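Hi,

Here is the structure I promised to pass on. Have a look at it first, and then read my notes below.

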Amino acid sequence: MAKNYISNKDETVRMFESDFMEFFSRVHWTVPMIIYIPVILVMLYFSIFIYKISALNIFLLFIGGIAAWTLAEYLLHRFVFHFKATSEFGKKIHFIFHGVHHDYPSDSKRLVMPPSVSIPLAVLFYFIFWLIFGQSLMLPFFAGFIAGYLFYDISHYAIHHFNMHSKFWLSIKNHHMLHHFQDEYKGYGVSSPFWDYIFGTQFIKKKN
């Protein structure tokens, strides 16, 4: 297992002895869009044409789902992806889930969440939202939640591989780069630094 190592090349390390497991640990950045854009469209179709939810309620629930994702993104990144393992087994699990990304941040095949992880998480949240909102109102909320997840995943890839020019995207990229290269226990928000400011894990600008 790699430790205290950072590669700036588009390269990676083998994580599994099994070729089957290794294959499913790598994913092209377009795969989440192929899987989840149809899910969003189906959720919205059912919201509009089957359950006939008002346009205002669909809009509010969709925005609420996006907001819920930003919080989930922060909490997952902070407390799951950066849990401090003490056992050797825990350290291996941490490396598989997130440590490999900090060692190989430019690895283009391990920048978006593999479906083997994202699909079970999506199913879990689907049923949680069903219990909270009910069968119909859950649909636009879940669509927004998935849209937020897609924005996060694609933003994460773009941060590491696209050239940023606008002030907005440069601020997002700089925030995440500080997380990688200054302090990995701050700056947990990837698609937005909002929750870092709420929970006090933002980067403090140094005074000249």
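Let's start with the largest cavity: its biggest share of lining residues, 4 of them, comes from helix α5. Before going on, keep in mind that this is a predicted model, where local features need pLDDT of at least 70 and side-chain atom pairs count only at pLDDT 80 or more, while totals for chains, interfaces and linings use all residues. Residues are numbered from 1 along each chain as its sequence is written, and side-chain values use heavy atoms, with hydrogens and water left out.

A few words on terms. Helices (H or I, at least four residues) and strands (E, at least two) are DSSP runs, numbered from the N terminus. A cavity is found on a 1 Å grid over the protein atoms alone, as a set of points where a 1.4 Å probe fits but cannot get out, and its lining residues have an atom within 4 Å of a point. Grid points are joined across faces, edges and corners, and the volume is the space filled by probe spheres set on the points.

The cavities

How many cavities of 30 Å³ or more does the structure hold? There are 3, and the largest has a volume of about 90 Å³. Its lining is made up of Y36, W69, L76, M113, S118, L121, A122, F125, F145, I146 and Y149. The elements that supply two or more residues to that lining are α3 (55-80), α5 (115-133) and α6. By class, the lining has 10 nonpolar residues, 1 polar and no charged. Here Ala, Val, Leu, Ile, Met, Phe, Trp, Tyr, Cys and Pro count as nonpolar, Asp, Glu, Lys and Arg as charged, and the others, Gly among them, as polar.

The axes are lines fitted to C-alpha atoms, for helices over the stretch in contact, and angles run from 0 to 180 degrees between N-to-C directions. For the cut-offs, angles under 35 degrees count as roughly parallel, over 145 as roughly antiparallel, 65 to 115 as roughly perpendicular and the rest as oblique. On the α6 side, the contact (heavy atoms within 4.5 Å) is made by F151, S155, H156, I159 and H160, and on the α7 side by W169, I172, K173, H176, M177 and H180. Sorted by class, this α6 and α7 contact has 5 nonpolar, 5 polar and 1 charged residues.

Helix α4 (residues 88-103) also packs with α7, at an angle of about 100° and with the axes 10 Å apart. So α4 is roughly perpendicular to α7. Which residues meet here? They are H98, H101 and H102 in α4, and H176, H179 and H180 in α7. This contact of α4 with α7 has 6 polar residues, no nonpolar and no charged.

- K52 sits in the loop between α2 (31-50) and α3. Its phi is near 50°, a positive value in a residue other than glycine. K52 counts as exposed because its relative accessibility is 64%.
- L137 is in the loop between α5 and α6, and counts as partly exposed because its relative accessibility is 33%. Not counting residues up to four places away in sequence, L137 touches I53 and L61.
- Y126 belongs to helix α5, and is partly exposed at 21% relative accessibility. Leaving aside neighbours within four places in sequence, Y126 is in contact with M43, M138 and F142.
- M21 is in helix α1 (residues 19-24), and with 41% relative accessibility it counts as partly exposed. M21 and S116 are 95 residues apart in sequence and 10.0 Å apart in space, C-alpha to C-alpha.
- I93 lies in helix α4, and is partly exposed with a relative accessible area of 27%. From I93 to F81 is 12 residues in sequence and 9.7 Å in space, C-alpha to C-alpha.

Happy browsing!

Conventions. 1 Å grid on protein atoms, 1.4 Å probe; cavity = no way out; pocket = protein on both sides within 12 Å on 5 of 7 lines; lining within 4 Å. Buried < 20%, exposed > 50% of the residue type's maximum accessible area, 1.4 Å probe, protein only.
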